[in-house]
Amino acid sequence: MEDAKKKMSRGKRIGLIAGAAAILLVAAILVYAFVITKSGYWFIAQFTPDTPEQQLSFASASDTARTIADEGFVLMQNNDSLLPLETSPDNKTKLNLFGMRSISMVYNAGGSSSSNVDSCVKLEDALRGEYGNFEVNPDLLYLNYNFYKTGKVSIQETSAPANKSASEFIEDATNKILPEVPGTAYSDTALYSDGRTLLDHAYDYSDIAMVVVGRGGGEMVDFNVSELQLLPEERDMLDAVCARFEKVILIINSANALEMDFLKDYPSIKSVVWIGYPGQTGVESLARILNGTVNPSGHLADTWLNDNLTSPAARNYLPLADDGTWDKADAFHYTNAPAQFDYRVQGDTVGHFVQYSEGVYVGYKYFETRHDTDPDYDYSADVAFPFGHGLSYTTFEKDIMAMNVENGVVTVRVEVTNTGDRAGKDVLQLYFNPPYTGAVEKSTVNLVAFKKTNLIEPGQTERYSIEFNLEDMACYDAAVNKSYLLEKGDYIISLRSDSHTVVDSETYTLDRDIIYSDEHDGKRSTDLETATNLFDDAYGAGDYLTREWNAEARAFTGPREEDYTAPQAVLDALTWTAPTDAELGLTEADLPVYGQTLSDAIMLSDMKDVPKSDPKWDAFISQLTLEEMASLSGNGAWQINNIDRLGVPRTLTPDGSTTVTASMYAGAIMGEAGCGITYPTPVVTASSWNSDIAYLMGTSAANEAVSYGYAGWYAPSMNTHRVPFNGRNFEYYSEDGVLSASAAANVVKGATDNGIMCFMKHFAINDRETGCRSQLFTWASEQAMREIYLRPFEAAVKEGGTLAAMSSFNYIGTTWAGGSSALLKDLLRGEWGFEGLVITDANLYGYMNPVQMIYNGGDLSLDVMAAWAGGIGHGTNILEAAQNPDTRIGATRSVYEAAKNILFAVSRTWAVK
């Protein structure tokens, strides 16, 4: 009996121990989920219904997406005026849809800009709905539905597959390219009982075929050359469809420019419509373009080629293997750089390079200049559709009425008349051809300004004044004057319908050189400080392309053998050590005041309208402790820390650029789950050529952000479409700096005017994905950097008023961009007058030193792991440097400035009342 009692007692003890352990485990989980991290709040938020404000912002944003698509989709070709198609609710035109992307469209791509596309409107629904009023062949839908779901050829009735969201983390290959129904299916006589083929039945249904081809994309993705060509399965499909149908419409669902040489093989393809990634409601715009309710007015933001390798930048993007794919194992790796096997770098090696050997001849600037200066060059063999190309269902006549130059401002008066029979909008594109002496390289065709017209009725004439600054035509002379330069001579200002087609022109003659330096004519009107060389160390091997078009230049051959050996400066740059206070000449007198208690505490709300130059900002920052400053600066992944005692709110900063969203990773860190709509990809916004559309997009994104409690937005992205192969081109605007600058500045302004802190990214010269997280050294001329790649960021600061920037993974010359004083201090803050904060890109890699960051103008580390580990993340590194006797003063001064920059930016958001 006593033994039994002992056994029961032992059993009870085990039960109690197990129960206690379970309680402790649950407690630990709860503490981790709700105290150490915010993941518990994010989990609960998944089941919280949207508020009325969020529902309203969603509906409004959906309208905005449709408006962007209305003006941004491009009618590239319309032979025989096949489009628009006549249809009505009472007499619906029937359509045959071909291509897997017709039923599984790319609405967005992957990575940090990924979004949930479950509710995005499907193409077949848009066509059959009120916006389209079409009927769609059900057998072809079932064919694609079945093949998508099972891989089998069948026209058995089945339901449509759900929309597929691209991954936030690892990109699925089918998000880039979907397998097509085998070409043999179209001649299969076994699908119908009458022994006739699928195409026979389809033609009986309608004599109109619409084929959709598409490409996905994503972060850490680069397209092989063949992946942007017509694929064998797609060719099989077009062979079959175009042999049976004479009226074929091609829809291109790709943000990256495809090679278009195949069009000549298919005269049945009458019409081509480019839609990029259409987002939430963009396919409803496509339906309205097809039926003529919307007259297309978009124009291309990139040059579309017959062969993408004809761009000189292509040979310097990645090494091309014998099989025509990129050799990503090589990826221009320095052969004498150390191998590094470390989870913190992308791949197994560090020390890659990329050379911008084409110089200023990027995109259309190469093709147009080569055409204008090389009599042996065959432009039409290379260029399928020029930059700025776009058709309408109506026609326009336009000319320059007058041009006037006064007080450094050029005003061009343009008259445009709708000579067709439909109301429509046109884009007035102004380009300039500067004088050329050979001292500084220049394109013969340079976009300088543009204007989207109003909706002009048939027969009506409208007049527009388009202005730009004379200094906007200045080149950057890095070799002699080390400044911007407007050379004397004739400047031909042309009105064009695209980069290639001149409509009218005027000439302005400048009688002397204007040199924008302190020694000569002073700084440009828009600069805070005079621009001068800052990136001589990024010049690299030189040998930049000139109008001699030397076939042996690196622009055409790619890197030479000697380029693969890193100079000592590169090897030294693989590591970084903080300079000592003694090396910097710092003394105790240079130490800022911090950690003090004021008799009358200053709250952040008191600083809302205080200029940054006001000494009150130093008084406010002086209240922060060293630990608070280090924590604020070192732990900034998708949020900025709160300091309750000073009224500093916890500021949430979700991802972009195609959405305002709490992705799975960011949401768990922020403790929020609010997800906005998916907007049409930014290149669609750029293709609208409409600054008002870009501003509307920024305003809409801001309204969504505010409704979810977000005060920041990791967007917009404004790197350059240097080549079509970058998997992140969907996040960026254009190959052209001026067009990108307009779109970027207006999106930023729209959001900033509504209290949102935009993080313009990725600053800067970050135009390749492969190896960019493995210490990628970028070599470029300062002229190309300033005239093309930096221009959107400059406009986002000067015109958009951005409050934040995200630095990039790559090195510019021998310095990591996130720790480059030349980039973040001298250029961004000094020349351009930026006053906000700079955050790193995802700080997962060992070379992204947070102490280097604060010493050189960066402020906030996007420490991805800190939120999961608890503590202050990279703030620990910063605090150690500030407590180290050798670096105490320099590190403290640096983190003090970082804290000021961060809190100034936060004070300007809606979160601070």
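A polar contact is a pair of N or O atoms within 3.5 Å. The model discussed here is predicted.

**Asp374**

Asp374 sits in the loop between helix 10 (364-373) and helix 11 (379-382). Its side chain makes a polar contact of 2.8 Å with the side chain of Arg370. A polar atom of the Asp374 side chain also lies 3.0 Å from the backbone nitrogen of Asp376. Asp374 is buried, because its relative accessible area is 14% and the cut-off for buried is under 20%.

**Salt bridges**

The whole structure contains 39 salt bridges. Three of them are set out here.

| Pair | Closest N to O distance |
|---|---|
| Asp207 and Lys247 | 3.3 Å |
| Glu897 and Lys900 | 3.9 Å |

Asp207 forms a salt bridge with Lys247. Asp207 lies in the loop between helix 7 (198-205) and strand 4 (208-214), and Lys247 is in strand 5 (residues 247-253), so the bridge ties together parts 40 residues apart in sequence. Asp207 is partly exposed, at 30% relative accessible area. Lys247 is also partly exposed, at 35%.

Asp859 is buried, with 2% relative accessible area. Arg829 is buried too, with 15%.

Glu897 pairs with Lys900. Both are in helix 27 (residues 888-907); they are three residues apart, which means a separation of about one helical turn. Glu897 is partly exposed at 37% relative accessible area, whereas Lys900 is buried at 9%.

Salt bridges with shared partners also join Glu219, Arg728, Glu731, Glu769 and Arg773 into one network.

**Cysteines**

The structure has zero disulfides. Cys675 is in none; the nearest cysteine sulfur belongs to Cys120, 12 Å away. Cys675 is partly exposed, with 32% relative accessible area. The cut-off is 2.5 Å. Cys758 is buried, at 0% relative accessibility.

**A surface patch**

Tyr32, Val35 and Ile36 form a nonpolar patch on the surface. Together they have about 270 Å² of accessible area. Ile36 is in helix 1 (residues 2-36). Ile36 counts as partly exposed, because its relative accessibility is 42%.

Terms used
Residues numbered from 1 in each chain as written. Predicted model: local features only at pLDDT ≥ 70, side-chain atom pairs only at ≥ 80, totals over all residues. Heavy atoms only, no water. Patch = residues over 30% accessible without salt bridge, like charges linked within 9 Å, V, L, I, M, F, W, Y side chains within 5 Å. Areas by Shrake-Rupley, 256 points an atom, 1.4 Å probe, with all protein chains shown as cover. Salt bridge = Lys/Arg side-chain N within 4 Å of Asp/Glu carboxyl O. Helix = DSSP H or I, 4+ residues; strand = E, 2+ residues; numbered from the N terminus. Buried < 20%, exposed > 50% of the residue type's maximum accessible area, 1.4 Å probe, protein only. Polar contact = N/O pair within 3.5 Å; in protein donor to acceptor, adjacent residues only side chain to side chain.
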